[in-house]
Amino acid sequence: MLRIFVSLLFASALGAADLVLTARYVVTMDGNRRIIENGAVAIEKDRIVAVGPAADVLKIHGAKPRLHRPDAILAPGLINTHTHAPMTLLRGIADDLRLQEWLERYIFPAEGRNVSPEFVRVGTDLAVLEMLLSGTTTYTDMYYFEEVIAEATRRAGMRAVLGQTIIGFPVPDAKTPADALRRAEAFLKQFAGDPLITAAVAPHAIYTNSDETLQASRALANRYGAPLLIHLSETKKENEDTQKQRGLSPTQALEKLGVLTGRTVAAHGVWLDDNDIATLARRGVGVAHCPSSNMKLASGIAPVLKLLRLDVALGLGPDGPAGSNNDLNLFEEMDLAGKLAKVSANDPTALPAAKLFAMATIDGARVLGMQKEVGSLEVGKRADLITVAMTEAQAVPLFNVYSALVYALKGSDVQDVIVNGRVVVKQRQPQTLDRARVLAAARAYAERISRSLAPAR
């Protein structure tokens, strides 16, 4: 009660709210993991100014505009820690293949023939629409023409950590790694201080870059205080090849090169050993767990429980929507991450629902180094929130809120989405994107892609 009183007192000192949301349950994900029945959250500009029982919050902010959702859960927006957003336009182009074959025979050729600033814009619009409608408010990306992705994301009112890809062969936006590094630096400068976009440096992986490029990427990220995003130990082949060439695992090789000495987000981490996990913990590296992708590509099962035992920051990501996973739905990732951990550990108590929801919210924020700004509903934090309707059959009955969110409710149950204090989805209707226009543009682009690939089929 004292904490609620202090929150309300602080809210009163800050001034009147611009918007108040009330709901059957408010899932705060704060340090005490409070769930407030018949709760409310008040927002002023881009910040949360009150969290507590609705009756108390409304005493101060009752005259303000209100979104009343008596049959919904109000929760922090979901945080996607790894994807490749524009690849929505390649969704389903090549399925049921091993990673190397999928990349080398299908994805890289398709990208070489089609990726352009327009491709990236259209694909990003589609991805952002899909993510917002399923409750994701922050996403982490690694692709080409990242400044176009940033502009489209900002236009839609979404938050993102966006990494300009650096890779050791010619790609659509850079002919050499040196070109990619120059583009990355320009990108870092362009979006410095942006309230929605955090620019990052994204060397693709240890096996697609030289040591010099990896070290230059780290130096560039550190110079600008930016995150470094990288694929790490995704496949057994990656680990075996690196061991053969260097006598070290990918993690230990990156550690020896100094690549982990700074803010780092490592995607996948399937083939980490105990020494690798200890290194990641010591360096404060965040790991993006991608269960759907790891299963679909048969990459393996990440050592999630070992990572958590050493307090490695662990979030969730759907990976790219072009064969490694065909959608961007974090509700699915929560459900699959839990069930995969349980069956691999032969323990139904492993990775309970409350922890899985934390991985999609506050723990995901920690992976990105943003836990002081997003990931929970607390006074002073950015106003990134979602409401999830409890009106469909799968929500009834509801005995445990975390269980419902992780195992029963779906992305399609998301009702409202607020990012940085702005309503971007209301009653499942996008407010910042023209749904019909986005879908029409994506369908038109799909026809172009099919024509470009026809001679090769």
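How many bridges pair strand β9 with β10, and in which sense, parallel or antiparallel? The views below take this up, working from a predicted model in which local features need pLDDT of at least 70, side-chain atom pairs count only at pLDDT 80 or more, and totals for chains, interfaces and linings use all residues. Residues are numbered from 1 along each chain as its sequence is written, and side-chain values use heavy atoms, with hydrogens and water left out.

**View 1. Strands β9 and β10 side by side.** Strand β9 (residues 228-232) and β10 pair in the parallel sense over 5 bridges; strands here are DSSP runs of E with at least two residues, helices are runs of H or I with at least four, and both are numbered from the N terminus. Two strands count as paired if DSSP finds at least two bridges between them. Look for Leu 229, whose bridge partner in β10 is Val 265. β10 itself is mostly covered, with 5 of its 5 residues buried (under 20% relative accessible area, with a 1.4 Å probe and protein chains only).

**View 2. From β10 to β11 by way of a helix.** Strand β10 (residues 264-268), helix α10 (residues 274-283) and β11 form a right-handed β-α-β unit: with the strands pointing away from the viewer, the path from the first strand over the helix to the second runs clockwise. β10 and β11 are parallel and share 3 bridges. Ala 266 sits opposite Val 287, while Ala 267 faces Ala 288.

**View 3. The two faces of β11, and its link to β12.** In strand β11 (residues 286-289), Gly 286 and Ala 288 point one way, Val 287 and His 289 point the other way, and all are buried. Strand β12 (residues 314-316) runs parallel to β11, joined by 3 bridges. Here Ala 288 stands opposite Gly 315.

**View 4. The largest pocket.** Its volume is about 340 Å³. Among the 19 lining residues, Gly 193, Asp 194, Ile 197, Thr 198 and Ala 199 lie nearest the centre. Strand β8 (residues 197-203) gives the most to the lining, with 3 residues.

Key
On a 1 Å grid over the protein atoms alone, a cavity is a set of points where a 1.4 Å probe fits but cannot get out, and a pocket is an open set with protein on both sides within 12 Å along at least five of seven lines; lining residues have an atom within 4 Å of a point. Grid points are joined across faces, edges and corners, and a volume is the space filled by probe spheres set on the points. Buried means under 20% relative accessible area, exposed over 50%, partly exposed in between (1.4 Å probe, protein chains only).
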